[in-house]
Amino acid sequence: SDVYKRQGFNAFFPPYLNHLKGRFDGQVGGSFFLTEKFEYDVSTKLKGKNGELKDFNLIRVLGPILQKVTLLKNKTPKVYNFSDRFKSLSIHARSTTRNNKISKFELIGNNKDTSLGVKGNISMAEAKSILFGKLYIKQMGKDLSKMTGQAKIPFKLSGQGFSILPELKYTTVKLAEMAKRKVSRSIKKQIKKKVKKEGKKLQKNIKKEQQKLENLSLIHI
């Protein structure tokens with residue numbers, strides 16, 4: 001395990017990580033080729049603490065989800081507690097001249113007010129890019145949990161190369177499914193509770209009827 005100052009390998013990360021600062025434990029290794037053009041294949045496993053990710057404008061990318069998805073409109077705070085600083089950041093990725101395959105990107109905000117988890121692929125050649133993730137905003141967590149049973153917002157980003165945009169329908173459908181499952185669990189719980197209550201009541205009535213029959217039998221003997 002080596003310790004890195006995040007500057008020497010900036011070229012092998014997508015633009016949204018170009019201003020990443022801090023000290024990281026982990027490994028970076030791969031191959032570099034210089035034929036007609038410079039090519040590389042680099043695998044990265046890094047974990048950083050108490051660092052800074054400048055110009056990582058999360059709201060600019062995910063803002064439409066918070067503003068336009070119907071189920072989130074009344075839950076969205078007017079002011080977001082986003083900061084450039086983070087408490088922890090884990091990155092597992094394979095970067096080549098053609099693709100950035102992200103198997104793990106987990107960021108926890110400086111005061112644990114936010115968290116972001118992302119997996120997927122970003123094309124370096126203007127081909128198809130798709131990212132799936134979950135966003136947590138502490139200010140929305142309680143309301144979202146009451147509505148869906150979970151505090152994180154699922155999202156999908158897609159597009160060409162780095163020109164990626166959120167798919168609002170994906171978040172809408174996922175939240176609706178989560179809310180439906182929560183209602184279903186609640187109904188099942190209520191039914192189970194009622195059945196248990198009615199079962200006890202039925203057992204009590206059966207015992208009473210049984211006692212009456214036993215008493216009648218004794219009278220006729």
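## Exercises on strands, a helix and salt bridges

Ser-115 stands opposite Tyr-136 in strand 8; strands are DSSP runs (E, at least two residues), helices are runs of H or I with at least four residues, and both are numbered from the N terminus. The model is predicted, so local features need pLDDT of at least 70 and side-chain atom pairs count only at pLDDT 80 or more, while totals for chains, interfaces and linings use all residues. Residues are numbered from 1 along each chain as its sequence is written, and side-chain values use heavy atoms, with hydrogens and water left out.

**Exercise 1.** Determine where Ser-115 lies and which residues are in contact with Ser-115, leaving aside neighbours within four places in sequence.

*Solution.* 
1. Ser-115 belongs to strand 7, which spans residues 114–123.
2. Its relative accessibility is 15%, so Ser-115 counts as buried (buried means under 20% relative accessible area, exposed over 50%, partly exposed in between, with a 1.4 Å probe and protein chains only).
3. Apart from those sequence neighbours, Ser-115 is in contact (heavy atoms within 4.5 Å) with Leu-107, Ile-108, Lys-134, Leu-135, Tyr-136 and Lys-152.

**Exercise 2.** Identify the buried residues of helix 3 and explain why they line one face of the helix.

*Solution.* 
1. The buried residues of helix 3 (residues 138–148) are Met-140, Gly-141, Leu-144 and Thr-148.
2. Viewed down the helix axis, these buried residues fall within an arc of 120 degrees, so they line one face of helix 3; the arc is that of the directions from the helix axis to the C-beta atoms.
3. The face turned away from the buried side carries the exposed residues Lys-142 and Lys-146.
4. Gly-149, whose phi is positive, near 90 degrees, follows helix 3.

**Exercise 3.** State how many salt bridges the structure holds, and characterise the pairs Asp-41 with Arg-94, Glu-52 with Arg-85 and Lys-156 with Glu-167.

*Solution.* 
1. There are three salt bridges, where a salt bridge is a side-chain nitrogen of Lys or Arg within 4 Å of a carboxyl oxygen of Asp or Glu.
2. Asp-41 and Arg-94 meet at 2.5 Å, N to O. This pair links distant parts of the chain, 53 residues apart: Asp-41 is in strand 4 (residues 38–53) and Arg-94 in strand 5 (residues 85–96). Arg-94 is partly exposed, at 45% relative accessible area.
3. Glu-52 and Arg-85 meet at 3.9 Å, N to O. Glu-52 lies in strand 4 and Arg-85 in strand 5, 33 residues apart. Glu-52 counts as buried at 17% relative accessibility, whereas Arg-85 counts as partly exposed at 34%.
4. Lys-156 and Glu-167 meet at 3.6 Å, N to O. Lys-156 lies in strand 9 and Glu-167 in the loop between strand 10 (163–166) and helix 4 (168–220), so the pair ties together parts that are 11 residues apart in sequence.

Conventions. Pairing = 2+ DSSP bridges.
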